[in-house]
Structure formats: structure tokens, C-alpha cells
Amino acid sequence: MSLLGFALVFISVTLSAAAQTAFKSGVNRLDLAPDAGVMQQAMAFLTSPFVLTGLALYGVGTLLWLSALRHADLSLVYPFVSISFVMVSISGIVFLNEPVQAHRVIGLALIIAGLLVMSRG
């Protein structure tokens, strides 16, 4: 994969991970009644600045992803989407104060090892 293709994939995946963090942060800040209906929840989501930021990040990331697909084979670039699992986990720990758990760290290490194997082929 070219350097440009790699950069597009990496930035796209990074934006998707940031979007997930924004989504979680947004829904954590909502003050909804336990019996809130679907429409009330949807309106709360769609007016949350963090959720809207997440949607914007996904939009930009998708445009970059489409560009990346022009520069490399899908079968090569798509496995790199799995790095978002690593990024989201780190983001959850750093920004959302989620716990570090041994089984998750082992799983993330396996994902990274798989990507290293894929990138050599």
C-alpha cells in the first residue's frame, strides 16, 4: 500500500474511533427519564453537541475511506479497520475513565499481531 493510501486509512479509522468516543460522551451527558420514548431519545441524541460531532467525524472519515479505496485493494485495507478496536479501547480508558482489564489487553494485542501479519503479506 502506498504511503498516501496508508495515511488515508489511518486517518479515516482514527476519525471513526474519535466519533465513537464522542458518541459515548454525548449519551453519557444526556438526562433522559427512564421511561423516555424512542422519539424523545432520538431528539435528545440529535441535539447533543457530542453526538453531532461524532456524526461529523464519521462523515469526514467516510470520505477519506472512499479515497483510500481508490489507492489500495479492499482486501488489504479493510483489515486495518480492526485497529479502531485498539484506538477506541485506549480512548475509553484515557477519556472516559473505563477500567483496564487483562483479557481486553490480551485481545487488543492479538488484533495488533494479526495486523502485523497481514501487513507483511
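Q: What hand does the crossing of H1 and H3 have?
A: The crossing of H1 and H3 is left-handed, a term for a near helix turned anticlockwise from the far one by less than a right angle (clockwise is right-handed). The model is predicted, with local features needing pLDDT of at least 70 and side-chain atom pairs 80 or more, while totals for chains, interfaces and linings use all residues. Numbering runs from 1 along each chain as its sequence is written, and side-chain values use heavy atoms, without hydrogens and water.

Q: Why are H1 and H3 called roughly antiparallel?
A: The axes of H1 (residues 3-29) and H3 (residues 49-71) cross at roughly 165 degrees and come within 8 Å. Angles over 145 degrees count as roughly antiparallel (under 35 roughly parallel, 65 to 115 roughly perpendicular, the rest oblique), and H1 and H3 are therefore roughly antiparallel.

Q: What makes up the contact of H1 with H3?
A: The residues of this contact of H1 with H3 divide into 19 nonpolar, 10 polar and one charged.

Q: Why are H1 and H5 called oblique?
A: The axes of H1 and H5 cross at roughly 40 degrees and come within 9 Å. H1 and H5 are therefore oblique to each other. H1 passes H5 in a right-handed crossing.

Q: Which residues make the nonpolar surface patch?
A: Ile 90, Ile 93, Val 94, Phe 95, Val 100 and Val 105 make a patch of about 570 Å². Helix H5 (residues 83-96) gives the largest share, four residues, whereas Val 100 lies in the loop between H5 and helix H6 (102-120).

Q: How many helices and strands does the protein chain have?
A: The protein chain has six helices and zero strands, counted as DSSP runs (H or I, at least four residues, for helices; E, at least two, for strands).

Terms used:
Axes fitted to C-alpha atoms, helices over the stretch in contact; angles between N-to-C directions. Nonpolar A, V, L, I, M, F, W, Y, C, P; charged D, E, K, R; others polar. Patch = residues over 30% accessible without salt bridge, like charges linked within 9 Å, V, L, I, M, F, W, Y side chains within 5 Å. Areas by Shrake-Rupley, 256 points an atom, 1.4 Å probe, with all protein chains shown as cover. Salt bridge = Lys/Arg side-chain N within 4 Å of Asp/Glu carboxyl O.
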